[in-house]
Amino acid sequence: MKLRSQVFSIFSFLLLVLLTVSCGTSKEVSDDNVKSYITQVVDSVMVDRLSTLQLLDYNVDTKEFLVGDLQTDEVLIVNENGDLVLSFNPHVESPAYVGSYDFGWSFYGNDELVCYSHYYLYQFDKKGNKLAKIPYPVEARSIWWLDRDPTMLDSYTINGSTEVLAFITEPAGPPYNSQAFQDSTVMLYRMNFETGEATPVMEKQHESVYRTLGKFVDRGFPYVTKMKNDRFAQVYSIDSMLYIFDVANNNLVNAIPLPKAFQPEYETIEFGEKGEPDIFRINSYVVSTGDNILVSVMGKVPESIIREIYKKVDMLSESQDYKDAVKKYMTNNHLLFDENRYLGEVKWTAGNVGYQKISSPDGYFWVQRIYNDERDYQTFLKVKIVEDSNSEKP
């Protein structure tokens, strides 16, 4: 988790700005079944700790939280009362060492943990003892730090056996700025530690914009969240579809279009051309409550404007031009789906929280409250999505 405190502070700044942006419900939605929703905080857990924490995972069976301490680099397990169950540091030389950095953690069943590090996954018991070192399922050219900390690995249970879905950001193969990369490179792998099997899953569909556009926009990183058991939801930043997969059979259950008013907006460049095209709106996060999926859609400041601002300042947060651009371009909308269709837009009414949202299959998800001043405690919020009874029908 090293370097993440700086990343965390940058996104905290962006979140504060996003909360000032108006996000009205689109008038283009005409489906009679579409409703308006709000977020509702139904419970909270307070952890007595001064350090900045990062919520990593939640285990609905044991009611425990997996947490990273961004100041001390420790990994914590906290129970539903906010009490510390486990604390260990896998980034210092010890039998628990996983290297200088990690890219994700997950509970592994009810009794173990799994860590995503450089070129290996590590299996731990819940006392912090390292049990196994598992190489990546494919050769990796490099590892990318990704915006908004998407899910890099998640465990699930199938037929009584625990498996892992791992996200390899850049497997060896064709260069990313090519059609061959989009057509052939798979970044998600189903892994069974007991059998040693690893299978590519949830690949880009033939109809995906990445395979039909014929030009370059971005790498096409997949963003996934676990629903129930081995079922996962998936989005890509510029794809206009939400995909539902049965991972065990690598079966596409459904592909649901986002409403046109919220679909990604972007420019393109030719494959092989240098530079980054401007992107105006992306799918930025996906989280599940078990049966339903929440897709966050974010307006972006175009890359060309950021490049011009960087010619004048070293820190974006200190630039008035950047603050003006954020107000102009950045929006934040939340869209609710089930496995079959779009249900409606969700108005965020759960207060000032971090950008990460942790799925839970029991009808809720978890977020971390953000405070504008320093506290000697941190708070996790249990959030429910409910119909907005005060809203007129879209």
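**Note on the strands, core and ring pairs**

1. Phe216 has a relative accessibility of 2% and counts as buried (buried is under 20% relative accessible area, exposed over 50% and partly exposed in between, with a 1.4 Å probe and protein chains only). The model is predicted, so local features need pLDDT of at least 70 and side-chain atom pairs count only at pLDDT 80 or more, while totals for chains, interfaces and linings use all residues. Residues are numbered from 1 along each chain as its sequence is written, and side-chain values use heavy atoms, leaving out hydrogens and water.

2. Four strands make an open sheet, ordered E16-E17-E18-E19 and paired antiparallel. Strands are DSSP runs of E with at least two residues, helices are runs of H or I with at least four, and both are numbered from the N terminus; two strands pair if DSSP finds at least two bridges between them. Strands E16 (222–226) and E19 (251–257) each have a single partner strand, so one side of each has no neighbour in the sheet. From one strand to the next, the twist averages 25° (axes are lines fitted to C-alpha atoms, for helices over the stretch in contact, with angles from 0 to 180 degrees between N-to-C directions). Five antiparallel bridges connect E16 with strand E17 (residues 231–236). Thr225 faces Ala233 of E17 as its opposite residue.

3. The largest nonpolar core has 69 residues, of which Leu121, Met202, Leu242, Ile293 and Phe337 touch the most other members. Such a core is a set of buried Ala, Val, Leu, Ile, Met, Phe, Trp, Tyr and Cys residues joined through side-chain atoms within 4.5 Å. Strand E18 (residues 241–246) supplies the largest share of this core, five residues. Apart from residues up to four places away in sequence, Ile293 touches a list that includes Ala233, Leu242, Ile244 and Phe337 (contact is heavy atoms within 4.5 Å).

4. How many aromatic pairs does the structure hold? There are 20, where rings of Phe, Tyr and Trp (its six-membered ring) pair if their centres lie within 6.5 Å, and planes under 30 degrees apart count as stacked, over 60 as edge-to-face and the rest as tilted. One of them is the tilted pair of Tyr58 and Trp366, at 5.1 Å centre to centre and 45° between the planes. This pair links distant parts of the chain, since Tyr58 is in strand E2 (residues 53–59) and Trp366 in strand E26 (residues 364–368), 308 residues apart.

5. Tyr176 is partly exposed, with 25% relative accessible area.

6. Ring pairs also join Tyr58, Phe65, Trp366 and Phe380 into a cluster. Two lysines sit over ring faces: Lys204 is 5.4 Å from the ring centre of Tyr210, and Lys357 is 5.7 Å from that of Trp348. The criterion is NZ of Lys or CZ of Arg within 6 Å of the ring centre and within 35 degrees of the ring normal.

7. Strand E26 also belongs to an open, mixed sheet of nine strands, in the order E20-E21-E22-E23-E24-E1-E27-E26-E25. Strands E20 (265–266) and E25 (358–360) are its edges, each pairing on one side only. E26 pairs with strand E27 (residues 378–387) through four antiparallel bridges, and Phe365 stands opposite Val383 in E27.

8. Strands E6 and E7 are antiparallel and joined by six bridges, with Asp102 opposite Ser117 in E7. Their hairpin has three residues between the strands, and Gly109 in the turn has a positive phi of about 70°. Strand E7 (residues 112–117) is mostly covered, with five of its six residues buried. E7 also runs antiparallel to strand E8 (residues 120–125), over five bridges, and Glu112 stands opposite Asp125 in E8. In that hairpin, with two residues between the strands, Tyr119 has a positive phi near 65°.

9. Is Gly99 buried or exposed? Gly99 is buried, at 13% relative accessibility, and lies in the loop between strand E5 (84–88) and strand E6 (102–108). Beyond its neighbours within four places in sequence, Gly99 is in contact with Pro90 and His91. The C-alpha atoms of Gly99 and Tyr120 are 9.8 Å apart, with 21 residues separating the two along the chain.
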